[in-house]
Amino acid sequence: MKKPLLLILLVPLVDQAIKIYVKTHFVLGEEYKIAPWFIIDFTENNGIAFGMFSGQNIKIFLSLFRILAVFGIGWYMWHLIKSKASQGLILSVALIFAGALGNIIDSAFYGIIFNDPTYEVATMFPKEGGYASFLHGQVVDMFFFPVIKGHFPSWFPIWGTEEFMFFRPVFNFSDSAITVGVLLIVFFQKRFYPRQPEIEQQPVAENKTGENTQNI
């Protein structure tokens, strides 16, 4: 129980420390190149991990979905702990839970405690109030890894001559925790979910009249 709890505490703590630093030191859209393949790119999105399903019109739905998902994941993790499931599985689910919790903090509270960072560095608890109401905050992303860049060959269907980049999405520390947790479950599912031994059928014996009877 100690290791999952440690993950649940540390992942959001590290995630929020990074996000608060970026928000209070970068203007929206500002980049800092650590290496050609590793860029800090301050972006915000209204969607879920890696900016998927973004859009202001569905923001409240996504925030509520995150909260319900965290409750569901938390219940499942508690069930795994009570049933003494694989430690690896419990830690993987704890990573997913912790990552989701980290992003919930953004969407629930950042609109209230920060001002708009579009034209200036954001400040915490501004006198004029935040940029959005409860559950309408935007999730902060900053990690950008354009490891491979180039163009599709002209003969390539649909995308011929267009720019190709891997990895294009900008993400945060919580997104990484969720991704690692999911990948661990996918790669080690046979170890995490061992097949239950099949129950052998009771032998069938013949009585004196030739009829089959089930041995008891």
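The following dialogue explains how to read several features of this predicted model.

Reader: Which conventions apply to the model?

Author: Residues are numbered from 1 along each chain as its sequence is written, and side-chain values use heavy atoms, with hydrogens and water left out. As the model is predicted, local features need pLDDT of at least 70 and side-chain atom pairs count only at pLDDT 80 or more, whereas totals for chains, interfaces and linings use all residues.

Reader: How many helices and strands does the chain have?

Author: Helices (H or I, at least four residues) and strands (E, at least two) are DSSP runs, numbered from the N terminus. The chain has five helices and seven strands, and from the N terminus on its elements run α-β-β-α-α-β-β-β-α-α-β-β.

Reader: Is Asn-103 buried or exposed?

Author: Buried means under 20% relative accessible area, exposed over 50%, and partly exposed in between (1.4 Å probe, protein chains only). Asn-103 has a relative accessible area of 4%, so Asn-103 is buried. This residue belongs to helix α3 (residues 87-113). Of the 216 residues of the chain, 36% count as buried.

Reader: With which residues is Asn-103 in contact, leaving aside neighbours within four places in sequence?

Author: Contact means heavy atoms within 4.5 Å. On that basis, the partners of Asn-103 beyond those neighbours are Lys-19, Arg-66, Val-139, Asn-172, Ser-174, Asp-175 and Ile-178.

Reader: How is a pair of aromatic rings described?

Author: Such a pair is described by the distance of the centres and the angle of the planes. Rings of Phe, Tyr and Trp (its six-membered ring) pair if their centres lie within 6.5 Å; planes under 30 degrees apart count as stacked, over 60 as edge-to-face and the rest as tilted. The structure holds 16 aromatic pairs. In one of them, Trp-37 and Phe-38 have ring centres 6.0 Å apart and planes at 20 degrees, so this pair is stacked. By contrast, Phe-152 and Phe-164 are edge-to-face, at 5.2 Å centre to centre with 70 degrees between the planes. That pair links distant parts of the chain, 12 residues apart: Phe-152 is in the loop between β4 and β5 (163-166), and Phe-164 is in strand β5.

Reader: Which residues form the aromatic cluster?

Author: One cluster is formed by Trp-37, Phe-38, Phe-143, Phe-145, Phe-166, Phe-167 and Phe-171. Trp-37 is partly exposed, with 47% relative accessibility.

Reader: Where does the charged end of Lys-23 sit?

Author: A charge sits over a ring if NZ of Lys or CZ of Arg is within 6 Å of the ring centre and within 35 degrees of the ring normal. The charged end of Lys-23 sits over the ring of Phe-114, 4.9 Å from its centre.
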